[in-house]
Amino acid sequence: MTPLQTLPEWAATAPAIVLALTGLALLLIDTIDPDSTNNGLLAGTATLGALAAGGIAGWFLINGTGMESTGGAISLYGDALVVDGMSLFFTLIFTSVAAMVTVASYDYLADEAHQGEFYSLVIFATTGMTLMGMSNSLATVFISLELASLPSYALVAFLKKDRGSIEAGLKYFLIGALSSAVFAFGISLVFAVTGSLVLPEVAASLAEGTELVGVLGLGVLMIAGGFAFKTASVPFHFWAPEAYEGAPAPVSAFLSSASKAAGFAVAFRVFTVAFPLETVTAVGGGSVDWSLLFAVLAVVTMTLGNFAAATQNNVKRMLAYSSIGHAGYALIGLAAITTDGGAANGDVLGASMAHLFVYGFMNTGAFLFIAMVEKWGLGRTFEDYNGIASKAPIAASAMTVFMFSLAGLPPFGGFFSKYALFESAIGSGFWWLAAVGAVNSALSLFYYSRVVKAMWIEEPSKPLEIGSQPVGLYVAIIFAAVGTVLLLPGFQPVIETAQTVAAALF
Amino acid sequence: MIIEALIAVTFLAALVTFVLPNRYAGKAAFALSLAPVVGSLYMWQQYDASGNALLGGNIAFETDVAWLQLGQYDIHWMVGVDGISMPLVVLTTILTTLAIVSAWTPISERQSQFFGLMLLMEANLLGVFTALDFFVWFIFWEAVLLPMYFLIGVWGGPRRKYAAIKFFVYTNIASLVMFIGFISLVFGLGDSISSFRLPEIAQALQAGQLGSFAGLSAGALASVAFVAMFFGFAVKVPVAPLHTWLPDAHVEAPTPVSVMLAGVLLKMGTYALLRFNFTMLPETARAFALPIALLAVASVIYGALLALAQQDLKRIVAYSSVSSMGYVILGLIAYTTYGVGGATFQMVAHGLISGLMFMAVGVIYNTTHTRMVSDMSGIADRMPVTAGIFVAGAFGYMGLPLMAGFAAEFFIFKGAFESTVMEAMPLFTGAAMFGIVIVAGYLLFAMQRTLFGPFRFDGDYDITEAPFHDVAPLAVLLLLTIVLGVSPDIFFTMIQDAVNPILELGGAF
Amino acid sequence: MVPPQYYLLLSAAVFCIGIFGLLTRRNALLFLMSVELMLNAANINLVAFSLYWGNVTGQTFTLFTLALAAAEVAVGIGIILVLYRNFDDVDVTNATTMRW
Amino acid sequence: MAGILDFAPAIVLLPFLSFLIALGAGRYMPKGGALAGIGATAGSFVLSIATFFAVSGGQTYNQTIYTWAEGLDAINLTFGLLIDPLSSMMLVIVTLVALLVHIFSLGYMNDEGETGLPRYYAGLGLFTASMLGFVVADNLLMAFMFFELVGLCSYLLIGFHFRQDGPPSAAKKAFLVTRFGDYFFLIGVVAVFATFGSAAFAGPDAFPVLAEEALNGEHSVNTFLGMGEQAWFTVVGLLVLGGVVGKSAQFPLHTWLPDAMEGPTPVSALIHAATMVAAGVYLVARMYGFYVLTPTTLAIIALIGGFTALFAATMGVVKKEIKQVLAYSTISQYGYMMLGLGAGGYVAATFHLMTHAFFKALLFLGAGSVIIAMHHNENMWDMGGLKDKMPVTYYAFLSGSLALAGIVPFAGFWSKDEVLYETLIHGLGGSPILLAAYAMGLLAVFFTGFYTFRMVFLTFHGEPRSGTARDPHGVRWNVKGPLAVLGVLAATTGLVNMVPVEKLFGIKGIDFLHQFLDGSFSSLNAHHYAELIPYSSGYIGGEAGTVAIGAAVSLGFALGGAALAHVLYNVPEPVEHTDKLGSIKTVLYNNYYQDEYQVWIATGVVQPISRVLDKFDQGIVDGVVNGISSVSLFAGGRVKRIQTGVVSNYAALLTLGLTALLLGLGLLGGWFA
């Protein structure tokens, strides 16, 4: 018996509500006195809000809200939203990333204008992501996706005087607009075929079959495209390198970790609930086998990401490409789903979620380290990183942890999450996907270790001076590093939860 | 719990050393590193196991607690030692301590980090040799590479960056291939196992539980996995032609690191070969006897001939390591008590002797600041003690009787000659044994040019006898070499005890 | 009544026009307009098939789409504004400081 | 009962002790540890004598005293002592020579003010200990191990003067060449273990006995590579023989020995007379029971021996340095021993081993004394007329020379004659190979006589040819003493085995050595070997006649050689007559270019190969490794080019990608069916 039974059902959306209120509160604070920029207060409020939402989500998870143990998923507002284990799990990812980002921004934005807007945008975007995780209808999917995207555009272009930031914002926006158009068209096509937008109903009507298989296929493909944009997967990835490189580093962290995860969250739900593989592979003589589609995307994405990352001179851009590569790994979660998979489907999907969870820590940490280096004004290329370890050993050690963990080396969290992913892929018979992934992570080791090499082994070309010791950034980075390390011994609960909640989708 | 204690103490020692000021780090690291030495010697004295840890023998100091349920198979924290790992544990602790002492002179900057990393590496090495769950083992296995990467990269010679990255990426890719091979094997076992505990897996394989996987029949799967794992470990050993990272790493690494690299890290490869390939897939190994024996002979002769062509003392010893490790492979494939036992004994013997040689080269380098044979001659005139130990060590390397090297090599030759895996084993043995002539060749040439003849030195350092703390480790190693050579049974009995079960393994599929 | 296939063809045509414009125009504003065209192609479908299926889901969703399109344009205009400030032009192919 | 033989281990341990003492405390001791060495070797000598008499009294000793490696489900590898007539005799020889060499060293090293004496005496001690360990070894493995240690000591002692260029190089060569032989020996050891599961010389599982039984089909052994017993035993025998050829400096591995003259002269004496070089021949005698089973091996041994005897002798005739002459004479003399063993003359060879030990030690020490006198000038052409200046040396040296040349009644005559006699009768018994070997041996006698007396005359006779020769440096008791002892021995040891006398005049029982070697273990005594010898004997005019003829002929040749030397060199002002040899001269001076081709093999073949391999390793093998990485980096460089930075292109590519997926899935994936 859990205390939740005593609450009304809408309370299940508490995380989203809390986030939304926080966002409003931030705007309020900013309007009360728009001139003085009380950075600490703003950052504090944002972080508190994020942590509160995360805490609630965690509490729900522990209490089993929306899971079998308490009577299954809680669906609200005419099935437009649904709160279940998966949405809560992803909420945890979004909020923790958001918290780290807001804390880090405390230093990063110290002498920027419009801080109130910044934090509120971050929080609103987080709200959108949370809703993406919950949305159970193509309509809410589209809306929440836009709610997450629009603030992101603004955040990327936040540094109005910085050409890089503007260019990044422009590209992100244009590609985003295009993708959302494609996405919307896809939705319209699916509606045309099924006459409904609510995911289960779509599935139901598909189960009865249709003669417009071609239209359905096109629609599915375009919807997949919309998600591919959000997750920075081929061929909708083009915005990612520039956006991540040009955007303020905390924003890059936010986008590459949380936004990507959000894209996967909604993709997982839409494709497993609205287009169950066993249904769509036998619809009206056609076979819309989207797992094949994602298998192709996964292979292309991880390969392209890793190969392109291998030859970058700019650490930030290298990380951008590596984050494309990781999108490829995560796609395995969808690619390895089979019609007769049963438990294996839940395992691989859960493994993908667990990987995104760990990725949330190590990748955010890595980008925040870059934020710190930018703060120090050292530059973004590998050469600029030479010898940092001699000045800031702790931060450098943290970055080393992130790099090796991203490469999937033990003894760090990335090893188990990646292993779990490949292991479950093998478990559902996609050993060749796992093999490709393994080869790619071997290559990735090369460019990740370049960063380590620069920091520890190379001699600084010019005498490097490190000014401040930004507290907020340090806190965030060390938090991320500790998380990354502890996720090796403590991986058990993560993978367990992820796979349980994923299994609930099938 | 003693193993956990051993590893934990070493980890703590590393952490303590990290935070110490540079000027105390060396001495402190030495003092701290005595704890694991004592611990391992205590273990050896208390050692009461029998049989092979993977094949149902009773395991000494065993711990086994469930850790992770990851997908289909559980991961346990399982550690313990048997006759194969016990000597290597002792070797690791002793060699680390000596290496630390030998590092006092050459390491002049960022000492606390250096010695901390040395201890960190020791802790991981202890983990590698004691872990009995695949994942625990693999985590330590990989974790060894990180300190090594920094030790070469930060404190190394002029081309250290290239050497470090090469070593790191090369060995990591090898580990990955090995990892894939082993995992596919595990999946081939299907539901017949419930965890990654090596004993469980080995016994399941023996029980013929291996099924088909990824469209491969059991036999094919075994072959593929065997090849993948062999490749992975062969890089580490290293077996020619996968050895090219070794000379670079050795030449660039500071001497104490070379000592650890040649003395212990290479043994990880042969240890793993024995534990995985030759214990878990004996039938496949026997089926591959011909190529493996060829590789072994190739490594021995090729490595020795390459050593003959070198001008850099360190490169000479580095290539001769390739040669010596070839003997180990030959002994392993022999599948006889003396063959496999001798191979295991050679791991310890070569650990001591190669460590001794590298240290000796290092001591000379500390004073001359060059390792080029052509740059000096008649050093023995100014550094008699060092030269004397150098000569003794060199003869140990040539397999002089009553020194550990001879015992190991003779065991291997005897075991390989009478092996039944192939009709032609005697021929391969004979071919490999020619290594003892070539090794004598290049070591004698090197000694004649550097140590003997009229004193000549192209350099402006005054050559005097090395300080006590440089020579002491050499003396200790020499003593150990002779002790092991005079009574190999110190380790050989327990080694045989652990090795013999492997020889009885029949065909599982 | 008009069979739904025609609506599909119409919307497809509009969508393609949008893509064509977006590929050929370098002016950011025209780019934006093309995107609007594509969104409207979606709207055509939604409305038409909402009629076809006899429910209002599609039409309601169309309203949302329109609103979102407006919001998108708002953000877009803002970005294009700063683009103009920094690059003195609204040509989207100018901003190429980052590549490869 | 604790018989004297239970102290046998002490014979080995005492010199080892002196090694430790000299090494550790030598620099604090008077004479740099010499006294310790002398005391130790004296002790060993006394014990050896006691052992010798105990053995002649019929006692024997064969026990395992230490298990080196205990095999679980496998055989043990052990150390043990085997004291039988052969080893006890050898013990006496080695300890005596070692003792005398130690004493002589006082004069040669200490009095000459050499530095590094502790190292020197430590080396001597270890050398003696190793050799003694080898002599008493009761199995092949132990024998091999001490065999190797002997090699090590020779390396250390030959290279004693490591500050010069020559000695280290000579030491390296000595170790390397013998190592090459030992390579085959080691394979042989391994093969013996693999074949018989035991490498014991004596006892129930002695491998010669097992081999014998195997050949008689009473016992089965593992053979390899699909060979039959006979063939396989031959192979094993030849493998072990490799070590013998190396250590005993037989053709073609003799090249290291002349260079080894770089070592201090007493060391040369030790190496040539009693230890290193003797080890090879002793090994054959030790496992003679195995060799007699394979006629092929015996024939090869005989041929190698005969050829080496002649070959080395010819090279000896043109040498300038006194020690060089002695070096080649050593090679030649060990050739005789091999000849004797190969020809089935077990006792004869052993006999020659003993006599040679004494007179060769004598000659080297004599040469050493001369060298001291000549202030370390070894060139005989700078000597001459020393006989009046240093009579003791002269007469002792003369005695040794007569023995070497094989002039009756000096030791060498009896032993060499018996070797040749055995060869002759077995050759006549129907073995042309042996006859050929005999011919070579006989011819060698002539050259031996010649170069020996050429050496004597040039050194001691005629007029002094240099200032130092006119006024030589004196030598003290510690030089003269050993010379005197050995001089007497060289003259008299022959009498222990006067077989010809016995045969001619029918005096029974004066072939003491024969009787002695017939004693003890049935499987190790001369009788047993004699039964197994695969030769039959043939005679010319009866046994006595053959003895007479053989003796007369060999004596005649020896005297002939001596006479020629007398004519050419025993004149006031001798000159070189080598020009008379014409082109042969250069060949002889260059030792038949043996060194040249061996050095060429090392530096002209092996080193280039290794350099090529090095290039290959750096270029190809490593190139592939680096190539893989650069290829993937290049690929990366290309892949990232699609990121042109122009957003319109992105849109285009995006659309293209979508279309491509559309088509791909439509055509291949079966969507839109």
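This talk goes through the chain contacts, the core and a few backbone details of a predicted model.

First, the ground rules. Residues are numbered from 1 along each chain as its sequence is written, and chains are lettered from A, with ligands numbered from 1, in the order in which they are written. Because this is a predicted model, local features need pLDDT of at least 70 and side-chain atom pairs count only at pLDDT 80 or more, while totals for chains, interfaces and linings use all residues.

Let me start with the contacts between chains. Two residues are in contact if their C-beta atoms, placed from the backbone, lie within 7 Å. Five pairs of chains touch, and chains B and D have the most contacts among them. That contact takes 41 residues from chain D and 42 residues from chain B. On the chain D side, the elements giving two or more residues are α5 (140-158), α6 (166-196) and α27 (594-639). Helices here are DSSP runs of H or I with at least four residues, strands are runs of E with at least two, and both are numbered from the N terminus. α6(D) gives the most, with 14 residues. By class, the chain D side has 25 nonpolar, five polar and 11 charged residues. Nonpolar means Ala, Val, Leu, Ile, Met, Phe, Trp, Tyr, Cys and Pro; charged means Asp, Glu, Lys and Arg; the others, Gly among them, are polar.

Next, chain C and chain A. Here 34 residues come from chain C and 33 residues from chain A. α3(C) supplies the largest share of the chain C side, 14 residues. That side divides into 24 nonpolar, nine polar and one charged. Chain C and chain B, on the other hand, have no contact, and their closest C-alpha atoms lie 25 Å apart.

UniProt, in an unreviewed entry, lists residues 6-23, 30-54 and 60-84 of chain C as "transmembrane region". UniProt positions are in the numbering used here, feature names are shortened, and annotations may be inferred rather than shown by experiment. In the model, residues 60-84 of chain C are 100% helix, with end C-alpha atoms 36 Å apart.

Now the core. A nonpolar core is a set of buried Ala, Val, Leu, Ile, Met, Phe, Trp, Tyr and Cys residues joined through C-beta atoms within 7 Å. Buried means 20 or more other C-beta atoms within 10 Å of the residue's own, exposed means 12 or fewer, and partly exposed is in between, with C-beta atoms placed from the backbone. The largest core has 758 residues, and those with the most contacts inside it are A:Leu368, D:Val97 and D:Ala361. Helix α14 (residues 343-376) of chain A gives the largest share of this core, 21 residues. Which residues does D:Val97 touch, not counting those up to four places away in sequence? They are D:Leu270, D:Ala273, D:Ala274, D:Ala357 and D:Ala361.

Last, the backbone. A cis peptide bond joins A:Val234 and A:Pro235, with omega about 0°. A:Pro235 is in the loop between α8 (213-230) and α9 (239-246) of chain A. The bond from A:Pro410 to A:Pro411 is also cis, with omega near 0°.

B:His369 is not glycine, yet its phi is positive, near 60°. B:His369 sits in the loop between α14 (337-368) and β3 (376-377) of chain B. Is B:His369 buried or exposed? It counts as exposed, because it has 11 C-beta neighbours inside 10 Å.
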